[in-house]
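Me: I have a structure open here and have never looked at it before. Can you walk me through it?

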There are 2 protein chains.
Amino acid sequence: MILDGKKVAAEIYEELKNNISKLEKKPTLWVILVWENPASLKYIAQKKKWAEYIGMWFKLCQLDSTISEDTLIIKIREWNSDNNISGYLVQLPLPKEFNVLKIIEYIAPEKDIDGFHPINQWKLMIWDSSGSIPCTPAGIMHLLQSQNIELRGKEITIVWRSNIVWKPLALLLINAWATVTSCNSSTKNLKLHTKIADIVIVAAWYPHLIGANDISDECIVIDVWFNFMDWKIMGDCDFEEIHTQWNLITPVPWWVGPMTVAMLMKNTYNSYINHL
Amino acid sequence: MILDGKKVAAEIYEELKNNISKLEKKPTLWVILVWENPASLKYIAQKKKWAEYIGMWFKLCQLDSTISEDTLIIKIREWNSDNNISGYLVQLPLPKEFNVLKIIEYIAPEKDIDGFHPINQWKLMIWDSSGSIPCTPAGIMHLLQSQNIELRGKEITIVWRSNIVWKPLALLLINAWATVTSCNSSTKNLKLHTKIADIVIVAAWYPHLIGANDISDECIVIDVWFNFMDWKIMGDCDFEEIHTQWNLITPVPWWVGPMTVAMLMKNTYNSYINHL
């Protein structure tokens with residue numbers, strides 16, 4: 001069976017659209033872009049499209065890649081103190097001369113709709129649900145919850161490569177009382193951990209790392225990222241093998257984008273409501 | 001075999017003592033105590049004893065339990081801006097009327113020798129080793145490192161009950177490329193996870209939860225807390241059973257206190273050196 005992120009995202013959009021239609025004044029998604037990376041424009045176009053679809057305004061502040069870090073910080077400070085702005089994001093990646101972590105620290109935590117600010121990340125550690133949750137982990141959590149999957153006591157194996165996304169996800173799952181195993185490229189016996197898991201979440205950037213024999217018959221598989229290989233898009237899981245009657249699996253690459261963007265819209269809406 | 005925290009702590013003290021003896025001016029351990037809990041005095045006496053042993057000064061600011069949160073915050077602000085103070089701690093627990101997390105946020109991160117400030121906790125998430133590490137997780141990491149135990153690829157099972165200490169520890173172990181499983185009271189098959197582990201770290205407050213049959217023959221067992229039962233002190237692990245030729249185990253309750261206090265002295269020394 002397919003665990004359809006696109007469908008769940010569509011439901012979130014309809015709910016937000018409905019909520020926003022009842023508001024006197026519409027929320028706005030504010031974005032700062034330091035232009036350099038062409039891929040950023042594509043991501044921003046997606047965000048704009050869905051913001052407008054659900055009835056929000058979209059405002060972009062585009063800065064030239066030659067600006068200094070200080071100029072960006074001045075803009076951030078301006079937006080922090082602008083009472084019309086309830087939430088905004090600084091599009092990543094930034095030009096490599098910029099100290100990304102330092103920049104993120106300047107964003108007011110209550111306006112940080114990406115959930116990257118230290119205070120928001122820390123709240124995941126102390127089990128405080130009042131902060132913004134980073135959009136990809138939040139999307140994965142929402143997707144599981146949308147299937148009424150009880151997480152308490154579940155065996156969950158995470159196979160990760162990158163850093164930023166997986167620690168928040170692990171913390172969210174631990175907070176939900178799951179038994180969470182965090183595997184990486186140095187894990188000795190990965191198959192053992194995937195085999196005993198009720199849920200496998202994988203973003204290893206390693207095509208077909210996990211096949212049908214590596215998981216139990218009723219395992220839920222969330223395959224987050226995608227790989228290009230021989231001009232084909234492939235997941236970390238062998239979708240054709242795993243896509244059976246019993247396993248619940250997210251097809252690659254169609255789910256992660258929609259859920260991540262949907263959670264961004266939710267964070268934007270929440271920051272607006274909290275700001276009222 | 002015994003993994004002797006007291007001995008490792010003693011080595012840290014000797015090293016710090018030696019380093020401090022070479023300094024022109026001695027560091028000081030500064031402590032704010034809002035007096036209420038008699039146990040706090042005992043902990044503070046330990047800290048004072050070891051600070052003085054290694055050649056540091058010890059300064060205590062004792063406040064009455066009837067003071068307001070604001071009075072405490074004023075004191076914290078004063079110490080933040082006092083250039084003579086390189087590092088300090090606010091002794092926990094605070095009276096229950098106080099918002100502990102809010103108080104901790106006021107401490108300047110670079111002076112936070114307990115490693116509780118959001119910025120220091122966040123640094124564990126982003127793999128940034130420049131912050132203060134909370135003393136109990138730091139003590140456990142140091143104890144493992146003192147035995148030259150390579151953590152990369154190791155199977156480590158953590159069985160926890162409390163929140164604050166275990167997430168930093170899990171993050172530190174993940175950062176060291178271990179395969180980390182976080183178990184709790186809802187875990188379905190705890191024995192499976194302890195059995196496959198190279199290292200088991202347990203603070204479940206459940207006497208003799210883990211016996212010799214639950215672990216492999218060469219498992220390293222770190223038993224952190226202790227339980228009182230029938231007027232006896234008992235660990236979460238059955239020490240008598242596990243204390244064999246092959247397993248490396250920390251006896252309860254003698255190791256955790258020394259390592260935690262030793263790491264506090266190390267954080268205090270480091271904050272002083274960084275402040276010079």
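Me: Where is B:Asn148?

Reply: B:Asn148 sits in the loop of chain B between α6 (135-146) and β4 (155-160). Keep in mind that this is a predicted model.

Me: And what is phi of B:Asn148 near?

Reply: Phi there is near 55°, which is a positive value in a residue other than glycine. Most residues other than glycine have a negative phi.

Me: What about the bond from A:Leu92 to A:Pro93, cis or trans?

Reply: It is cis, and omega is near 0°. A:Pro93 lies in the loop between β3 (88-90) and α4 (100-106) of chain A. In general, most peptide bonds are trans.

Me: Let's go to the sheets. What is the strand order in the open sheet of chain A?

Reply: Three strands make up that sheet, in the order β2-β1-β3, and the pairing is parallel. At the edges stand β2 (57-64) and β3 of chain A; each has a single partner strand, so one side of each is left without a neighbour in the sheet. From one strand to the next the twist averages 15°.

Me: How many bridges join β1 to β3(A)?

Reply: Three bridges join strand β1 (residues 28-35) of chain A to β3(A), and the two run parallel. As one of the pairs, A:Trp30 has A:Tyr88 in β3(A) as its bridge partner.

Me: Which helix packs on that sheet?

Reply: Helix α2 (residues 38-53) of chain A packs on it, touching β1 and β2 of chain A. The direction of α2 makes about 170° with that of β1(A).

Me: Now chain B. What order do the strands of its open sheet have?

Reply: The order is β2-β1-β3 in chain B, again with three strands and parallel pairing. Here β2 (57-63) and β3 of chain B are at the edges with a single partner strand each, so one side of each is left without a neighbour in the sheet. Neighbouring strands of this sheet are turned by 15° against each other on average, direction ignored.

Me: What stands opposite B:Ile32?

Reply: B:Val90 in β3(B) does. Strand β1 (residues 28-34) of chain B is joined to β3(B) by three bridges, running parallel. Helix α2 (residues 38-53) of chain B lies across β1 and β2 of chain B, at about 170° to β1(B).

Me: Stepping back, how is chain A divided?

Reply: Into domain 1 (21-110) and domain 2 (135-257). The centres of these domains of chain A, taken over C-alpha atoms, are separated by 30 Å.

Me: What rotation superposes chain B on chain A?

Reply: A rotation of 180° does it, with 0.0 Å of shift along its axis and an RMSD of 0.0 Å. The two copies are thus related as by a two-fold rotation axis. In chain B, the C-alpha nearest the axis is that of B:Thr181, 2.0 Å from it. Both copies use the same surface, as 100% of the contact residues of chain B recur in chain A.

Me: How many residues of chain B are in contact with chain A?

Reply: 27 residues of chain B are in contact with 27 residues of chain A. On the side of chain B, the elements that give two or more residues are α5 (118-125), α7 (166-175) and β5 (179-183). The residues of that side divide into 14 nonpolar, nine polar and four charged.

Me: Take β5 then. How does β5 of chain A run against β5(B), parallel or antiparallel?

Reply: Antiparallel, with three bridges joining strand β5 (residues 179-183) of chain A to β5(B). In that pairing, B:Thr181 is the bridge partner of A:Thr181.

Me: And at what angle do α5 of chain A and α5(B) pack?

Reply: Helix α5 (residues 118-125) of chain A packs with α5(B) at an angle of about 80°, and their axes are 9 Å apart. That makes α5(A) roughly perpendicular to α5(B).

Me: Which residues in α5(A) meet α5(B)?

Reply: A:Pro118, A:Ile119, A:Gln121, A:Trp122 and A:Met125 in α5(A) meet B:Pro118, B:Ile119, B:Gln121, B:Trp122 and B:Met125 in α5(B). Sorted by class, this contact has eight nonpolar, two polar and no charged residues.

Technical notes:
Residues numbered from 1 in each chain as written. Chains lettered and ligands numbered in written order. Predicted model: local features only at pLDDT ≥ 70, side-chain atom pairs only at ≥ 80, totals over all residues. Least-squares fit on C-alpha atoms with pLDDT ≥ 70 in both. Contact = placed C-beta atoms within 7 Å. Domains from an automatic or database assignment. Helix = DSSP H or I, 4+ residues; strand = E, 2+ residues; numbered from the N terminus. Nonpolar A, V, L, I, M, F, W, Y, C, P; charged D, E, K, R; others polar. Pairing = 2+ DSSP bridges. Axes fitted to C-alpha atoms, helices over the stretch in contact; angles between N-to-C directions. Parallel < 35°, antiparallel > 145°, perpendicular 65-115°, else oblique.
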